[in-house]
Amino acid sequence: MLSNHQKPLRRSMSMMLVWLERYKAIDLLLFTAALLAKVYLFSDILHVKNMKMTSTDAIIELGAIMLFSFWTVWLPARGRILSLIGLNMLASFVLYADIIYYRYFQDLISIPVLLQFSQVDSLGESIGTLLHVKDFLLFLDWIVIVPFAIYMLMRGKRDLRLANEYRRISPVWQKALVRIVMSAAIFGIGASLVFTNVNEAKRTWGQGIFEGNWWNLSIYNVTGALGFHGYDAYRYVKRNWLDAETVSAEQASETKSWIEARGALRGALEQDKLFGAYTGSNVLMIQLEAFQNFMINKSIGGQEITPHLNGLIKQSAYFSQFYHQTAQGRTSDADFTANCSMQPVPNGSVFIQYAPNEFDCMSSTLKTSGYGTSVFHAYEGGFWNRNTMYHNMQYDQFYSLKHFTLDEKIGWALGDKSFFRQSMDVISDQKQPFYSFLITLSSHYPFTMPKAEQQLSLGELDGTIMGDYLQSIHYVDAALGELIERMKAEGLWDNTILAMYGDHDNSIKDWSLLETFLGKPLNEMERQMMLKQVPLLVHLPGDEHAGTYSGVGGQLDVTPTIMHLLGMSTADQYLIGTPLLTELPLQGKLVVQRNGSFTDGSVYYLPSSDGIMDNGACWSIPSQALTDMNACAAAAENARTELTVSDQIVMNNLIEHFKEQSATEARAGSQLETAAK
């Protein structure tokens, strides 16, 4: 029995503890109500457009809370209550961390981000500006639960024993049965509330969100706050433990030999006259959204679609048989392949799944060589996990949507004319030499352009998705013209390598529209080549080496090409690509696609869905006809090897392993030399 001599505060806490212990569902109900209030407040504080918490969202959050806490029913009263308090505090911390992180990075915290804590630490002195008074409502209940937890730890056990001294104790089996039944019921109801609604979203409006994994906020919009972090933990465990494929020492050795042979090939090309011909030049590279090669030098209604680009081609090295090599990661894959010269992964995006891994990207190499490095993209920094990946790629600064003034809203965000203008305001003040990477957005699907920017007369394509695409490309071309004039005005034109390439296809699946535009039917090979071909232009100071280069190339070759021109050796770097701009073209060049298709300029191989080589199609490019499979057989093995090597390197972080291995061997060699002396 509780003593009447206890102090009032302790006595009230003792009575609360006894009450919670005897009415076993009350503590769980209070916990659930508190967390529901917190996730609603969280949604209100984030205030993400089109993500206001709905009744369905509340049901999913309720289910997630039940899954988060069902196991506490197994514990005796004191342990259960302390566990619920601990879960409350943990959830409060996570939600608050999400709020702070979102205000700076426009995304939610994930496990890979926590493992790269230096990125969170980059908030630095700005942390004070991210704190709002309203946020602390998340911790309002701590005024009660923290003192109660302290009491529970110090006095609770004794007070419960005294209160139950003369009560009949239920048999152990009866307690166990009640706890098992209650926990199973809570788990079952919680799972039903979560997965029924999430699966419905996956089937309808949220299709592809979990496969693409392009933005944590998109997943949060389906799963809710607690559900997102549960999914994030599952995703991390599955990717890094359950589905992780180990690489044997023999496989690692073979992979290293293959990639080092590719480095030796680039090293041999350093005798080329163009190697180092532009040492010390600035580099400004532009990734053009959905910019395909078939619009180059084309007209519609008597108007050139890309007049500025057509003019620039005459002053630049233009690669007419250049291919994008993206997969599910789309824009992020193009960024990765062009800057880090590795194949994308077959499922998902490297930016999302392997952002913490080590790569020999152009930005990090140039930064080490004294270049200032910056990347510009007028969209949310968390999209495609860019904040984390760009930190790993060692850019000095990432200018995302929050750094731009939204004075020209087109499509998804800022129009490219304003994007280039505001980016150049920064670039023109950068220390030289610099590497600046710009990613455009205005020609993103579904290609919505304001009426004032619809300058083309489209004829029968007017009102179609193809017509909208051409209007957006024409606008982007005009923006590029303004950028070039700005570079000339800023004195950058004659000391800067300007490179630009398309990132991927335009996602238009109706071939009749494309055939209407081209005025001819297309066979399967032409369709696939057109789908994969994007422009690559490299303008050099003095308009040097201008002309059309018809040799095949792909996005993996962008970084080796730029580094070759700058005279920076990549012989010891782990890159797959080779330079495209050399005095003599490289013989036997093969461009490999993620799906297993490939071309060497004379044949184009299309794989079958079953992955069997002989079931694919081998096309002769000169004759535009199917040819004997033997013409593709030898290259097919090389293509498979390239994809396997890249996957092993990317998925298993082998570059870090190779560098550690080389450093160890170098130290051992140095010690042997010292001992010999």
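In which sense do β5 and strand β9 (residues 434-439) pair, and over how many bridges? The pairing of β5 with β9 is in the parallel sense and extends over five bridges. The structure is a predicted model, in which local features need pLDDT of at least 70 and side-chain atom pairs count only at pLDDT 80 or more, while totals for chains, interfaces and linings use all residues. Residues are numbered from 1 along each chain as its sequence is written, and side-chain values use heavy atoms, with hydrogens and water left out. Helices (H or I, at least four residues) and strands (E, at least two) are DSSP runs, numbered from the N terminus; two strands pair if DSSP finds at least two bridges between them.

Strand β5 (residues 372-376) is mostly covered, five of its five residues being buried (under 20% relative accessible area, with exposed over 50% and partly exposed in between; 1.4 Å probe, protein chains only). Gly372, Ser374 and Phe376 point one way from β5, whereas Thr373 and Val375 point the other way. Together with helix α16 (residues 386-392), β5 and β6 make a right-handed β-α-β unit; a crossover is right-handed if, with the strands pointing away from the viewer, the path from the first strand over the helix to the second runs clockwise.

These strands belong to an open sheet of eight strands with mixed pairing, in the order β6-β5-β9-β1-β10-β11-β4-β12. The edge strands, β6 and β12 (547-554), each pair on one side only. From one strand to the next, the twist averages 15° (axes are lines fitted to C-alpha atoms, for helices over the stretch in contact, and angles run from 0 to 180 degrees between N-to-C directions). Strand β4 (residues 317-323) pairs with β12 in the parallel sense over six bridges, and Phe322 stands opposite Gly553 in β12. Helix α17 (residues 416-427) packs on the sheet, touching β1 (282-288), β5, β6 and β9, and its direction makes about 165° with that of β9; contact means heavy atoms within 4.5 Å. Helix α18 (residues 465-489) also packs on the sheet, touching β1 and β10 (496-502), with its direction at about 170° to that of β1.

The axes of α18 and helix α19 (residues 511-518) come within 9 Å and cross at roughly 60°, which makes α18 oblique to α19 (angles under 35 degrees count as roughly parallel, over 145 as roughly antiparallel, 65 to 115 as roughly perpendicular and the rest as oblique). Ile465, Met466 and Leu470 in α18 meet Leu513, Leu514 and Phe517 in α19. By class, this contact has six nonpolar, no polar and no charged residues (Ala, Val, Leu, Ile, Met, Phe, Trp, Tyr, Cys and Pro count as nonpolar, Asp, Glu, Lys and Arg as charged, and the others, Gly among them, as polar).

A further helix pair comprises α11 (residues 249-268) and α23 (residues 654-676), whose axes come within 11 Å and cross at roughly 85°. Helix α11 is therefore roughly perpendicular to α23. The contact involves Ala252, Thr255, Lys256 and Ile259 of α11 and Leu654, Phe658, Gln661, Ser662 and Glu665 of α23; its residues divide into four nonpolar, three polar and two charged.

Helix α13 (residues 330-340) is largely enclosed by the rest of the structure, because 10 of its 11 residues are buried. Ser341, which follows α13, has a positive phi near 55°.
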